[in-house]
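Welcome, and take your time with the picture that follows. Let us walk through it together, strand by strand and then across to the partner chain.

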Amino acid sequence: VTGVLRSELALPAHGRVRVLSCSKDLEPGARAMLLLAEGLFRLDIMIVGDALQTFVRNLTSGELELHGEVGQPRVAITTLGLAARYAPGRADLRFAVGPADARITIAVTIATLRFPDRGVIRASAQAIVRG
Amino acid sequence: MTATDVIAGAAALPRGAVGPVALVEVRGLVDLAVEDPGQRAQLLVHNSSADRLTVVVDDAGEVAVAPGASLAVPLHATVDGARLHLHLLSAAAQRVVTAVVSVEASSDDAVAVAQAISVGAL
């Protein structure tokens, strides 16, 4: 299990974006926290069979607005070498939180790999936070 | 419009093998390879872009890699093998990559496995 990795990128025309990511090896059916942005949101996931379920907790005083959907993991766009044996997948989620005059938008991509020998699924999530 | 790609790569990693094993290519930005010279597996990060690349490693801080240059980062040992979690940032290209790399122990050759989430046009 690795912790949440945080960094920032300064963009010439768009200010700064924050990047959060985390990767955990999960047993099927177990719910786990993948991302935590203090004061903004918490993202949990649970994988059962081919289905990936997400749980977003809004930690702000404003409303949570979901813009995307997460369904069954899709086959990743690019698979190299022996990677197909780990059944790579992905899911995407977009949402916004925060007060009306200072909305924060978050784009999350969740990537999965299955390790049948160990009976676990590796779930890695990246969030791009703007605002 | 932001484009996001998920790239997975895996390859057998013979212990003490000569030379790195390619894992993931994020076209125009970075190539990831791994090698195990015999004591500890390490990730090789090659900046294939024309701009400076910032590498942020879990528990190890931040390093800038010049265009065309490479950086070797040792993987962290785990009970199952070894692992590394990092960000690759290019302000000039407005691109972000999160990569998770592991070496899975095996009775035969170990297997190096990587998955990268690449976001461009930020």
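Strand S4(A) and strand S5 (residues 51-58) of chain A run antiparallel and are joined by eight bridges. Strands here are DSSP runs of E with at least two residues, numbered from the N terminus, and two strands pair if DSSP finds at least two bridges between them. Within this pair, A:Ile47 stands opposite A:Leu52 of S5(A). The two strands form a hairpin with two residues between them, and A:Gly49 in the turn has a positive phi of about 60 degrees.

Before going further, a word on how to read all this: this is a predicted model, in which local features need pLDDT of at least 70 and side-chain atom pairs count only at pLDDT 80 or more, while totals for chains, interfaces and linings use all residues. Residues are numbered from 1 along each chain as its sequence is written, chains are lettered from A and ligands numbered from 1 in the order in which they are written, and side-chain values use heavy atoms, with hydrogens and water left out.

Now step back along chain A to strand S3 (residues 31-37), which runs antiparallel to S4(A) and is joined to it by six bridges. Here A:Met33 faces A:Asp44 of S4(A) as its opposite residue. This hairpin has three residues between its strands, and A:Gly39 takes a positive phi near 80 degrees.

What about the aromatic rings? Two aromatic pairs are counted over all chains, where rings of Phe, Tyr and Trp (its six-membered ring) pair if their centres lie within 6.5 Å, with planes under 30 degrees apart called stacked, over 60 edge-to-face and the rest tilted. The rings of A:Phe41 and A:Phe95 have centres 5.2 Å apart and planes at 80 degrees, so this pair is edge-to-face. Because A:Phe41 lies in S4(A) and A:Phe95 in strand S9 of chain A, the pair ties together parts that are 54 residues apart in sequence.

Another set of strands in chain A begins with S1(A) and S2(A), which pair in the antiparallel sense over seven bridges; A:Glu8 stands opposite A:Arg18 in S2(A). S2(A) also pairs with S11(A), again antiparallel, over nine bridges, and there A:Leu26 has A:Ile121 as its bridge partner.

Next, look across to chain B. How many residues does each chain bring to the contact? Chain A gives 45 residues and chain B gives 38, with contact meaning heavy atoms within 4.5 Å. The area buried between the two chains is about 3,200 Å², of which carbon and sulfur atoms give 60%; buried area is the accessible area (1.4 Å probe) that two parts lose on being put together, summed over both. In chain A, the residues that lose the most area to chain B are A:Leu5, A:Leu9 and A:Gln126, together 18% of what that side buries.

Charges meet here too: the interface of chain A and chain B holds three salt bridges, each a side-chain nitrogen of Lys or Arg within 4 Å of a carboxyl oxygen of Asp or Glu. A:Asp25 forms a salt bridge with B:Arg83, and the closest N and O atoms are 3.1 Å apart.

Finally, strands also pair between the chains. S8(A) and strand S1 (residues 3-13) of chain B run in the parallel sense over four bridges, and A:Leu80 stands opposite B:Gly9 in S1(B).
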